[in-house]
Amino acid sequence: EHTTLLIIRLLSPDVPVNFSGSESHLIGYAPFLNVLLLGISSVDCIQIFSLHGLVPQLAAVLMSICEVFGSCSPTVTWRMSTGEEISPRIVFSNVFTLLLKLWRFDRPPLESVMGDVTPVVSRSFPECLLLVRNAQLASNEDRSNCSKSSRLLKSPPPPRGPVFMDSFPKLMRWHRRNQECIVSTLSGLVAGDPVHQIVESLLGMMFRKTTASSGEQQSNNSSSASGGSDDSFSLHLKLPAWDILDAVPYVLDAALTALAHGKLTPRELTTGLKDLVDFLPASLASVVSYFSAEVTRGLWTPACMNGTDWPSPATNLSAVEQQIKQILAATGVNVPSLPIGGSSPVTIPLPLAVLLSLTIMFKVDRDVGRNLYLVAPALSRLGTSCPWPCMPIITSLWALKAKRWSDFLVFSASQTVFYHSNEAVVQLLRVCFSTVVGLNSASSPSSVESKGSVGALLGHGFGCGILYLRVHRSIRNVFYVTEAIVSLLMQTVRDVVADRNLAPEKMERLRRAKHGTKSGHVSLVAAVSQVKLAASLGASLVWISGGLNAVHSLIKEILPSWFISKCGDGSASSSGGGGGGIVGPMLSGYALAYLVVYAGAFAWGVDSAAAAAAKLRGKAVEEHLEFLGSTMDGKVSVGCGGATWRAYVTGWLGLVVKCAPEWLAAGEVDVEVVKRVCRGLRKEWGGAEEQLCIELLEACGVAGVGAAAEIIIVSAGE
């Protein structure tokens, strides 16, 4: 942590005492800053900053460097100690590329709110990063007693006050134009304006060979009148990096249009794009954003990967298919057949083919840190979102280029199956439940650990749990998945009851036995342990799938609907019974109780919370208590049997009292609602739950003491 804080300080040196000049003092530190930027540009280093919560502070420092060197004239150069000569464009490209790795710059704003929940990473837009940085600064200034590390945070690098996007006008302009390019087609370029001249110069630089070959058929007058094309190109391109970035989207649009109309060949286009990226590496960001947007628009004729115009994956596609099937074999998910051979070569969207061909031209060892780590996430996202088999095609071509990445690439391609099928996701979840409770093994039934565990869930590299951890971020219908988790939990309870042979006649023998710890009691205890383990897994899956919104949907919508519907638990064939007489329904109720408590603990915690979190938590808990009270008052009818309902109500309330009493603290939950629930408990099940009522009211604090005393007095009188 000290090292990361030191690096942030080094990236923002103080203004020298004797400094005078109109330009920023950072320009004089260019060689030093460039070495630092290259040293922390790897994904591993960014992850370290993220783990320490320092990405917002790092982003603020990088924005300052971007603003300065992106506005600097490219004629200035510096010589490194190694003899290498660097220009402001090199420094800018390194810092700009590093900055963009901190958020999903290539995604439209609309994608941040698609589905049931906003992805956490999508909130890392530059404005949000600065807001978090300012909040961290204010929080650390309020601390009176702090450790050495927090004292370092207390006086962050300059600027020491709050920083907003208005401080970086050129970065803000690029970000807005980048978003406009993503969400709509390009327009507004007028011939003769400065941007148009830069566009022409960039196109001439990228396709000068093509222009030269076509110019041989024309008269020599045109070339002499131009005064030399290379000089003209270099004259217009001796501009700051920000000005060139403004023109790049128009260059890409013109180049792709020329390709679609046959004026450029695929090889000429990819070679020209490679020249553009070599000229200004920062332009790769605009390349990724533009082609990603064009893939989603679907306006272009698909590219035929036949090995002539575009690279062919045929030599490796069959092997990739077999490896994908091998990875998914344990999940029971069907893998769509790949179109291998035949008269119809595979096709992918044209912009995706361009982007894929460009990445193949990069050198793995030299360009992996600067270029591939920037474009790879976008390429993977596009491959998985496009129709099958786009991702296996990408995997096949890249596995041929970088064989040491083959296992990772194939594993990534295998996840695509789940992105296109909700049924496949449910099947994967089903395998997760059966694996964690050990229903697929023939081990001794006396030990839960011997039959299933978290270790079995995660497996050795390709476990079903690891698969879901990679897949869940792209799930759109989180509500559907949460419903499926509840259904699978109930199915797991039935399977556990059947696996433990907890039939009604066996439980009857247990009741008649002299010593209750003998016979089926061991099986019952093991079954309860398995059910609790399955409930904890279900809560974990709900939480990682949709976060706070999914937990609220579970408590406010899904569970009430489940209880109201005819879930039934009175017979062996019903969904709640599982063939175990009263044991199955009771275990179902307890499983749901543990599910809700675990999920609530993940979402809200179990101790005192901040004011905003306490209000949110109190509202959710109070609404659920009102549902319980309305049901016990007879205002709402439940479709499940009495055993399941009672097990859930008493189980959930008991767990809240023992594990999370702060959920009922005064100020978060209305005490009158708790009193109503207590009246319902006594009305529904008489004095059997009086102790639970007293504990509930005691958890409410002073406001509930009087009602608890009344229950004690009434009970004593009876």
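Glu-321 and Lys-325 sit four residues apart, about one turn of the helix, and both belong to helix 16 (residues 314-328). Helices here (H or I, at least four residues), like strands (E, at least two), are DSSP runs counted from the N terminus. The model you are looking at is predicted, so local features need pLDDT of at least 70 and side-chain atom pairs count only at pLDDT 80 or more, while totals for chains, interfaces and linings use all residues. Residues are numbered from 1 along each chain as its sequence is written, and side-chain values use heavy atoms, with hydrogens and water left out.

**Salt bridges**

- Searching the whole structure turns up eleven salt bridges; the term means a side-chain nitrogen of Lys or Arg within 4 Å of a carboxyl oxygen of Asp or Glu.
- Glu-321 is buried at 8% relative accessible area, whereas Lys-325 is partly exposed at 33%. Buried means under 20% relative accessible area, exposed means over 50%, and partly exposed lies in between (1.4 Å probe, protein chains only).
- Arg-173 and Asp-246 also meet through their side chains, at 2.9 Å from N to O. This pair links distant parts of the chain: Arg-173 is in helix 8 (residues 169-183) and Asp-246 is in helix 13 (residues 241-260), 73 residues apart.
- Of these two partners, Arg-173 is partly exposed, with a relative accessible area of 31%, and Asp-246 is buried, at 11%.
- A further salt bridge joins Glu-623 and Lys-556, at 4.0 Å from N to O. Glu-623 lies in helix 30 (residues 611-632) and Lys-556 in helix 28 (residues 520-564), so the pair ties together parts that are 67 residues apart in sequence.
- Salt bridges with shared partners bring Arg-173, Arg-177 and Asp-246 together in one network.

**Helix 9 against helix 13**

- Helix 9 (residues 194-206) packs on helix 13 at an angle of about 65°, with the axes 8 Å apart. Axes are lines fitted to C-alpha atoms, for helices over the stretch in contact, and angles run from 0 to 180 degrees between N-to-C directions.
- This crossing of helix 9 and helix 13 is right-handed. The residues in contact (heavy atoms within 4.5 Å) include Ile-198 and Leu-202 of helix 9 and Asp-246 and Tyr-250 of helix 13.
- The contact of helix 9 with helix 13 has twelve nonpolar, no polar and two charged residues. Ala, Val, Leu, Ile, Met, Phe, Trp, Tyr, Cys and Pro count as nonpolar, Asp, Glu, Lys and Arg as charged, and the others, Gly among them, as polar.

**Helix 26 against helix 29**

- Helix 26 (residues 478-499) and helix 29 (residues 583-604) have axes that come within 10 Å and cross at roughly 140°.
- The crossing of helix 26 and helix 29 is right-handed.
- Among the residues that meet are Val-486 and Met-490 in helix 26, and Gly-584 and Leu-587 in helix 29. By class, the contact of helix 26 with helix 29 has nine nonpolar, two polar and no charged residues.

**A cis peptide bond**

- Most peptide bonds are trans.
- The bond from Trp-388 to Pro-389 is cis, with omega near 10°.
- Look for Pro-389 in the loop between helix 18 (364-385) and helix 19 (390-401).

Conventions
Left-handed = near helix turned anticlockwise from the far one by under 90°.
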